[in-house]
Each structure stands twice: as structure tokens, then as C-alpha cells.
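Here are a few friendly notes to read alongside the model. Take them one at a time, and keep the viewer open as you go.

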Amino acid sequence: SPPRIEKVLRPGQSVLVQVTKDPIGGKGARLTAQISVPGRYLVLVPNSDVTGISRRLPEEERKRLKAIYKKIRPEGHGLIVRTAAEGATEEQLLADLGRLLSEWAEIEKRAKKAKAPALLYEEPELTVRVVRDLFTDEEFRELVTDSPRVYQIVTDYLRQADPDLLPKVRLHEGPLPVFEEYHIVEQIHKGLDRKVWLPSGGYIVIDRTEALTVIDVNTGKSVGKTNLEETVVNTNLEAAREIARQLRLRDIGGMIVIDFIDMLLEQNKKKVIETLREALAQDKTRSQVFDISPLGLLEVTRKRVSGGLLEAFSETCPTCEGRGVLLTYDAK
């Protein structure tokens, strides 16, 4: 069995750690001593034997990358091949690895000189992180910005990391700002609404609490043309697809409880669960879908990556302190 923590660490000892999760609410940051340095195609795990190739890659591509991986893996370090490595050549992977090894050498150099607590390495700014982690040829038609500074940062990064993607980066120069041109502000407002309408006339209501997120499904204006069960199932199927989209759009993590409209037939319940699982499979953030309980509630867990869209664009009401009600103390 592994040794107890007090046998490994002592008070006042300097330890090299990495923040894996920012503080959220009353919870502090999560730390790990297993350092990882991400690049465009690879993640370097120094002084480790960790290995891996993204499971999102097709089987044939995984085999091709595995052959390259065996040739380039550095002595004494672990290496993980990212989804973005699909189609990358051995030369591109070697260049990415070279950058990561240089970064790790810099971190080690700073660690020897620094006095704890000290910042030894931080991720590049958000723009570069998004391009590095998400911008791929298969998933995006183009990247548009109306900021010359951002355009310069992105093209400078891609020039050395993935030149093939440069033609997909465009500087927007129209009369309207890029967020107005593509209705982004409108979408952000919709992403903050409590109620979300479904195509058939039904709707879902999303409420956040300290412990979990609750989503209620309602038929609303959806009355259907046949029997009630079919109307309910169709509304629930629409809701399952929209809920998966809203979880991604709002970046909702943690425990999620969904109150679907009651269904009589077991096969219909299974159909709704399967639809939700399929819709969530497109999500890069890991999630787990459980069965519908006897009370008609379905539980989902989704890895918490950030505070979410609501926290980014809001602050707690100073009057009601987030309860959503004003206490009057006068009985009605």
C-alpha cells in the first residue's frame, strides 16, 4: 500500500505542484504533483511513465500515431497524444515535443533558483489555449476575429504549431463588430435565460443550486396530434437533445438532475436515456448518464471544468443574496 502522506511530506518542505482545477465557490484550487505540459499535439508528463493516445481518434489513426510515438518518446518522460494530432506528421510531432522539452527545461531551471511559494510556469493567454486545445481542421470551418492583436497572436502561434490552419483564420473588417455580425451577444443572452423553448412548443427550466443543477421539462404549448404518451415522448426526446447542448453551451458541471415528463412505457424511457447519451457523446467534457429513478428523475454527472457561463456573466444579488426572494416577515 502507498505510504501515508505524513511519511512522505514534512512541514516547510518545498513541493513542485500544478493547479489542475481553479477554485470555485468555497472550494480551493486542486493541486497535483504529477506535472503535465500541454502542446498542440502532445502532452509531456515529466519524470513519469504515463502513456496514452486519445480515444477520440479512429482506430487506424491510433495505430499510425502509436508507431510514431514509440520512436519519439523521450527517455524518462511520459507522453500523451492529443486528438489534434490526427493527420500530423512525424516532423510536426517532433517539433511539438521539442517545444515541450524546452519548456520543461525552463521550469526545472526556475525551480532550482526560486524560493517557495513561486510561480514557475503558467499557461499562455486564453486565445492561444483555445486555438491549441480546440481549433482543428475537422471541427471548424474558420476562426474569425475583429481584433488585429488577437489575429496577430493566433497567426503567430499557428505559424510555428500548425501552418496548415492559417488560411482558416480571418480578420473581420465589416461595418458591424464580429459579435453582432454573428449574433454572438444574442446567443450569450439566450445561454443565460432560465427558460429554454423547444421546437415543438415545450420548454425546459434550468435552475442552479449550491449542490447541483436542476432541469425541469414541460410540454408547454406542445399538445400533439395523437395520444398523450407520444406527445410526452417527443417532448422528452427534444428536451434530451437540447439539455445536452445547454450543458455544453453553459459549461454546467457537477451533479445534474433532470425531471422529464412522466412516461408510461419502459421502452420510451430507454429511448430518452439513449438519446441523451448520444447527444452528450459529442461533448469533449466527460459525463455519465444514469437510469431514470422510480420518481421519474434522471441523474447526470459532468466534469466541472469552469464556473460556467452564468458565473462568468453575473454576480450574486446583494439584496436577496442569491435566494431569488425578498423576505418581508409579514404573514399574508
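**Notes on the helix packing and a few local details**

1. Let us start with a pair of helices. Helices α2 and α3 are oblique to each other, because their axes cross at roughly 45° and an angle counts as roughly parallel only when it is under 35 degrees. Helix α2 covers residues 59-72 and helix α3 covers residues 90-113, and their axes come within 11 Å. If you look at the handedness, α2 passes α3 in a right-handed crossing.

2. Now zoom in on the residues where this pair touches. From α2 come Leu 65, Ile 68, Lys 71 and Ile 72, and they meet Glu 90, Leu 93, Leu 94 and Leu 97 of α3. Sorted by class, the contact of α2 with α3 has six nonpolar residues, two charged ones and no polar ones.

3. The next pair is α8 (residues 228-250) with α9 (residues 266-280). Their axes are 9 Å apart and the helices pack at an angle of about 20°. Since angles under 35 degrees count as roughly parallel, α8 and α9 are therefore described as roughly parallel to each other. Their crossing is right-handed.

4. Which residues of α8 and α9 meet? On the α8 side they include Val 233, Leu 237, Ala 240 and Leu 247, while on the α9 side Val 272, Leu 276 and Leu 280 are among them. The contact of α8 with α9 has 10 nonpolar, three polar and four charged residues.

5. Please remember that this is a predicted model. The mean pLDDT of the protein chain is 88, and 98% of its residues reach 70 or more.

6. Two backbone details deserve a look. The peptide bond from Ala 116 to Pro 117 is cis, with omega near -5°, and Pro 117 is found in the loop between α3 and α4. In the loop between β4 (42-45) and β5 (51-53) you will find Asn 47. Phi of Asn 47 is near 50°, a positive value in a residue other than glycine.

7. Finally, step back to the whole chain. The domain assignment gives domain 1 (5-113), domain 2 (126-182) and domain 3 (194-313). How far apart do the C-alpha centres of domain 2 and domain 3 lie? The distance between these two centres is 33 Å.

Notes:
Residues numbered from 1 in each chain as written. Predicted model: local features only at pLDDT ≥ 70, side-chain atom pairs only at ≥ 80, totals over all residues. Heavy atoms only, no water. Domains from an automatic or database assignment. Axes fitted to C-alpha atoms, helices over the stretch in contact; angles between N-to-C directions. Helix = DSSP H or I, 4+ residues; strand = E, 2+ residues; numbered from the N terminus. Parallel < 35°, antiparallel > 145°, perpendicular 65-115°, else oblique. Left-handed = near helix turned anticlockwise from the far one by under 90°. Contact = heavy atoms within 4.5 Å. Nonpolar A, V, L, I, M, F, W, Y, C, P; charged D, E, K, R; others polar. pLDDT = per-residue confidence, 0-100.
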